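Q: Please pick one part of the structure shown here and take me through it closely. I would like the cut-offs for your terms along the way.
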Amino acid sequence: MLGGMPVFEAIAQRFYDLMDEDPAYAELRAMHAADLSPMRESLPQFLAGWAGGPRDWFEAHPDRCMMSIHKPFRITASAADQWAGAMQRAIADVAPEPKRIADAMGEILADLCAAMAVRPPQNPVTS
Ligand code: HEM
């Protein structure tokens, strides 16, 4: 509905350009390898499969999932916000139509980021 692989490519390239250039995303940038080119190739393929399109990334990496990929990283709330913010900006800059679906994609990814962040324990036992 959003335009297929070229749109995911454009969004991912803009996302990593923003992460690389804007100091607002410095914490997130520092978590990534110096060379972003593997992620520039990987993320659009991942997003395409995640969104219901071609599943090449999932077929090439049957052993990888969101949990295993991100397990080595301690994702703070601010790093999660930076990921979500950069992605929502990238989507807005590429501006695929229909806007309603593009906005929904940004919101769902932001919810996913929030769920991936480490949190202090809830309802700690205080006795
Ligand atoms: C919550 C905030 C997030 C942080 C801090 C984060 C951070 C990272 C880091 C540091 C890597 C390794 C990159 C490298 O080695 O250079 C990575 C890999 C990856 N991330 Fe995230 N990530 C986040 C959210 C997401 C979300 C929401 C998605 C997708 C919807 C995603 C998809 C991926 C994929 C597909 C890879 C690995 C690709 C591959 O190995 O083929 N990440 N992430």
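A: Helices are DSSP runs of H or I with at least four residues, strands are runs of E with at least two, and both are numbered from the N terminus. Let's look at helix 6, which is followed by alanine 95, a residue with a positive phi near 50 degrees. This is a predicted model, where local features need pLDDT of at least 70 and side-chain atom pairs count only at pLDDT 80 or more, while totals for chains, interfaces and linings use all residues. Residues are numbered from 1 along each chain as its sequence is written, and side-chain values use heavy atoms, with hydrogens and water left out.

Start with the length. The expected span of a helix is 1.5 Å times one less than its number of residues. For the 18 residues of helix 6 that gives 26 Å, and the end C-alpha atoms are 26 Å apart, which agrees.

Next, its surroundings. Buried means under 20% relative accessible area, exposed means over 50%, and partly exposed is in between (1.4 Å probe, protein chains only). The buried residues of helix 6 include Ala79, Gln82, Trp83, Met87 and Ile91. Taking contact as heavy atoms within 4.5 Å, the buried residues of helix 6 pack against helix 1, helix 2 (26-31), helix 3 (37-50) and helix 7 (99-116).

Rings of Phe, Tyr and Trp (its six-membered ring) pair if their centres lie within 6.5 Å; planes under 30 degrees apart count as stacked, over 60 as edge-to-face, and the rest as tilted. The structure holds 5 aromatic pairs. In one of them, the ring centres of phenylalanine 15 and tryptophan 83 are 4.7 Å apart and the planes lie at 55 degrees, so the pair is tilted. This pair links distant parts of the chain, with phenylalanine 15 in helix 1 (residues 5-21) and tryptophan 83 in helix 6 (residues 77-94), 68 residues apart. Phenylalanine 15 and tryptophan 83 are both buried. Together with Tyr16, Phe15 and Trp83 form one aromatic cluster.

For contrast, here is another pair. The rings of tryptophan 57 and phenylalanine 58 have centres 5.0 Å apart and planes at 80 degrees, so this pair is edge-to-face. Tryptophan 57 is buried, with a relative accessible area of 3%, whereas phenylalanine 58 is partly exposed at 23%.
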